[in-house]
Amino acid sequence: MGTLRIAKERTAGGVMFVMTAVSLLLVVVMGAGLYLKSAPIFEDHSLWELLTASEWRPFKNRFGFFPFIMGTVWVTGFALLLALPVSLLTAVCLTEYARSWVKRWVYPALDILAALPSVIYGVWGTLLVVPWISERLAPHFVEYSSGYTVLAGGIVLSVMILPLLVSLFVELFSTVPQELRDASKALGATRWQTTKKVVLRKSLPGIFAAVVLAVSRALGETIAVLMVCGNLPEVPRSLLEACYPIPALIANNYGEMLSLPLYEAALMFAALILFVVVLVFNLLSRIILYRIKRISA
């Protein structure tokens, strides 16, 4: 029996190691494939030129990705700015203050929002958010705006990542031992002081990891943002200007790439940029998360 148990443990360990290696190998293969597909564009353009140039004229062999990079940063950053405080306070309310009947209604609603296809959010943004910006908000700040702006993309994207963040935060706060809350209250702390000093502080590494996950999803979101951001290849200077994120660039132009020699390579390079950004962002976040855990310990 002892020999059989050891054999099972070794087999299970070997299978898990193989699965882990396959997962890592898949990431390497994806990165290598994107690089090989985008390699032809490096024969005519340097990496620095591609990343810093602002002119996008494929028919003239000019591929400047800076407007698309900035469009992605604007939309993702603004969406996170909107969604993070709302989701954090919502999760605190649900775990620390809400009654049980409120949770029974809110949790299924969050699941439904998280399961909706992104095109539904895009239609909602096109029919409601864009007209509201164009008719109600933009006239007070600019002479003309179609409503297809960074603001519209950020609002739609923030609503999309909101259920994910709330669900992750609720799970995090629920894992904080009740004994810590009771000890804090026994020392005379109020409920809010307990939440701030115990629950949030104990959950800080998990909060950071949840934000990284939400940003990674937001960076790759395509259809919903494509429908409301305006798709103008210029660097946005305000929230009421149109933008053109990298995922929208790939989705809009992939069917036209066969007509130009470097078009496919340019779009594959756009995908490579997105791949590298998400990969580097996750690696840096893991390093920061590890240091936060060490400090907290």
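Which side chain meets that of Arg237 in a salt bridge? I found that of Glu241, at 3.4 Å from N to O, where a salt bridge means a side-chain nitrogen of Lys or Arg within 4 Å of a carboxyl oxygen of Asp or Glu. I noted that this is a predicted model, in which local features need pLDDT of at least 70 and side-chain atom pairs count only at pLDDT 80 or more, while totals for chains, interfaces and linings use all residues. Residues are numbered from 1 along each chain as its sequence is written, and side-chain values use heavy atoms, with hydrogens and water left out.

I then looked up exposure, taking buried as under 20% relative accessible area, exposed as over 50% and partly exposed as in between (1.4 Å probe, protein chains only). Arg237 is exposed at 68%, whereas Glu241 is partly exposed at 23%.

Next I looked up Glu264, which forms a salt bridge with Lys37, the closest N and O atoms being 3.7 Å apart. Glu264 belongs to helix H12 (residues 263-296) and Lys37 to helix H1 (residues 2-38), so this pair ties together parts 227 residues apart in sequence; helices here are DSSP runs (H or I, at least four residues) numbered from the N terminus.

Last, I turned to helix H7 (residues 178-186) and helix H8 (residues 191-202), whose axes, lines fitted to C-alpha atoms over the stretch in contact, come within 10 Å and cross at roughly 155°, with angles run from 0 to 180 degrees between N-to-C directions. That makes H7 roughly antiparallel to H8, the term for angles over 145 degrees.

How values were computed:
Helices (H or I, at least four residues) and strands (E, at least two) are DSSP runs, numbered from the N terminus. Angles under 35 degrees count as roughly parallel, over 145 as roughly antiparallel, 65 to 115 as roughly perpendicular and the rest as oblique.
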